Amino acid sequence: MAETGKTAKLSFGDKELELPIHSPTVGPDVIDIRKLYAQGDVFTYDPGFTSTAACDSTITFIDGDKGELLHRGYPIDQLAEKSHFLEVCYLLLYGELPSASELEDFESRVTNHTMLHEQMVYFYRGFRRDAHPMAIMTGVVGAMSAFYHDSTDVSDPWQREVASIRLIAKMPTIAAWAYKFSIGQPFVYPRNDLDYASNFLRMCFAVPAEEYEVNPILARAMDRIFTLHADHEQNASTSTVRLASSSGANPFACIAAGIACLWGPAHGGANQACLEMLREIGTPDRIPEFIARAKDKNDPFRLMGFGHRVYKNFDPRAKVMKQSADEVLDLLGIENNPTLQVAKELEKMALEDPYFAEKKLYPNVDFYSGIILDAMGFPTSMFTPIFALARTVGWISQWKEMIADPQMKIGRPRQLYVGETRRDYVDVEDR
Ligand code: ACO
């Protein structure tokens with residue numbers, strides 16, 4: 001953290017405090033309020049952490065106004081175009097792009113950890129057959145701590161490394177098996193001669209009765225979806241992982257907590273919610289009705305796939321995803337699909353509507369990813385598991401960074417208490 005010598009003065013009552021200001025390498029300065037309570041006997045109030053930096057980090061930078069997303073300094077559009085998911089994983093985890101031999105070594109370590117402990121099959125079978133794949137993933141990833149004891153000691157850097165590789169390697173198998181279980185098909189085991197995305201597609205769509213050939217354009221689109229979701233600095237699920245791990249919990253438990261948080265419709269669940277909304281709209285002539293509902297203050301309905309907490313100009317991932325969507329739909333020849341017609345028309349009408357322009361609401365990455373995944377043949381219930389699979393590397397990179405940080409403390413937010421003051425217990429017969 002760079003010391004700037006600058007300070008902020010805060011005066012209230014008879015107190016005057018001087019608070020240090022730190023400068024990031026890029027982005028707004030940060031007022032350091034760590035000693036505020038000790039020196040001023042006050043807390044700060046910031047529900048939703050809209051103005052609060054909870055850590056320092058070197059992994060990802062977002063400029064929401066410029067619509068910029070950098071991983072270790074590299075712009076996401078360059079990574080999406082020139083790199084591929086496992087290389088981006090290496091970059092996020094270790095801070096630099098790998099040399100050819102480093103990449104080969106990393107890919108082989110990941111590839112050699114793709115199988116699940118065979119006893120985990122029984123664990124899957126314990127779920128109801130109609131369980132949501134996110135419910136299965138939350139359970140199975142949490143249960144990994146019961147299967148891989150030798151990588152749960154967070155104080156051992158080697159165990160942390162093994163846990164990281166295991167999670168990145170096994171997540172496609174875990175997600176694909178959650179899907180296979182939910183549709184009553186046999187589990188397809190990973191194949192180490194396939195790349196990461198092709199392997200995942202095969203584990204999802206192959207059946208033992210016939211050969212399955214992975215289409216390279218679909219594999220590339222899948223890999224791009226993974227790359228675009230790999231990390232997004234201190235979002236809700238990442239902060240959940242950091243908060244869970246601040247207590248020293250094992251990595252599998254922490255990532256399971258991240259998956260649970262991601263499931264919500266305001267976060268990773270938005271891609272499922274978005275496609276369901278497009279289907280509910282059904283035909284382009286019903287769009288104005290839904291736009292009117294989204295604008296109505298008395299209606300809780302929101303246009304799913306629009307808006308973002310940080311991007312108030314455009315989501316740079318959405319740009320790349322839109323291009324990918326065009327490629328995939330072209331390849332599959334499904335330009336006249338009714339959901340797609342609704343999506344295209346809705347995008348156009350919302351972008352032209354002053355309400356969305358004034359509030360800076362643009363289609364986010366989930367708006368387009370749902371369309372691609374649907375075209376590939378994934379049911380909506382698999383959209384968020386795919387996001388979780390891809391985000392695992394981001395969660396792990398942030399988790400590793402946090403554990404290695406000497407300033408790490410257990411996370412413990414304060415509160416503005418507005419409940420009853422002290423009162424005496426009243427016996428039940430007297431109430
Ligand atoms: N449709 C209609 N109005 C909206 C939408 C939307 N999708 N999003 C925000 N608004 C409005 C709000 O009603 C609010 O209006 P007001 O100022 O008149 O009260 C204003 O825009 C600001 O909205 P906030 O909720 O304060 O913005 P915030 O930054 O907290 O929320 C969020 C961001 C949660 C993503 C929101 O835009 C939303 O709910 N979008 C739909 C869900 C979605 O697509 N989530 C995916 C996020 S991307 C991801 O997780 C990968």
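User: Which backbone oxygen does the side chain of Asn271 reach, and at what distance?

Analyst: The side chain of Asn271 reaches the backbone oxygen of Phe383 at 3.5 Å. This is called a polar contact because the term covers a pair of N or O atoms within 3.5 Å; within protein, one must be able to donate a hydrogen and the other to accept it, and residues adjacent in sequence count only if both atoms are side-chain atoms. As background, this is a predicted model, where local features need pLDDT of at least 70 and side-chain atom pairs count only at pLDDT 80 or more, while totals for chains, interfaces and linings use all residues. Residues are numbered from 1 along each chain as its sequence is written, and side-chain values use heavy atoms, with hydrogens and water left out.

User: How do you know whether Asn271 is buried or exposed?

Analyst: Asn271 has a relative accessibility of 2%. Buried means under 20% relative accessible area, exposed over 50%, and partly exposed in between (1.4 Å probe, protein chains only). Asn271 therefore counts as buried. Asn271 lies in helix H12, residues 270-281 (helices are DSSP runs of H or I with at least four residues, strands are E runs of at least two, and both are numbered from the N terminus). Leaving aside neighbours within four places in sequence, the contacts of Asn271 (heavy atoms within 4.5 Å) include Asp366, Thr384 and Phe387.

User: What makes Ala175 buried or exposed?

Analyst: Ala175 has a relative accessible area of 0%, so the residue is called buried. Its place is in helix H7, residues 157-183. Beyond the neighbours within four places in sequence, Ala175 is in contact with Met137, Phe200, Met382 and Leu389. The C-alpha atoms of Ala175 and Met137 are separated by 6.5 Å, although these residues are 38 apart along the chain.

User: Why are S4 and S5 said to pair, and how many bridges join them?

Analyst: Two strands pair if DSSP finds at least two bridges between them. Four bridges join S4 (residues 60-63) to S5 (residues 68-71), which run antiparallel, and Ile62 stands opposite Leu69. S4 and S5 form a hairpin with four residues between them, and Gly67 in the turn has a positive phi of about 70°. S5 also pairs with S6 (residues 74-75) in the antiparallel sense, over two bridges. His71 has Tyr74 as its bridge partner in S6.

User: What makes S4 and S6 the edges?

Analyst: The open sheet has three strands in the order S4-S5-S6. S4 and S6 each have a single partner strand, so one side of each is left without a neighbour in the sheet.

User: How many residues surround the ligand, and which are the closest?

Analyst: The ligand has 21 residues around it, the closest being Lys297, Arg302, Leu303, Gly305 and Lys359; a residue is near if one of its heavy atoms lies within 4 Å. A polar side-chain atom of Arg302 lies 2.9 Å from a ligand oxygen, and a polar side-chain atom of Lys312 lies 3.3 Å from a ligand oxygen. The protein covers 76% of the 930 Å² of accessible area that the ligand has on its own, by the Shrake-Rupley method with a 1.4 Å probe; for residues, only the protein chains shown count as cover.
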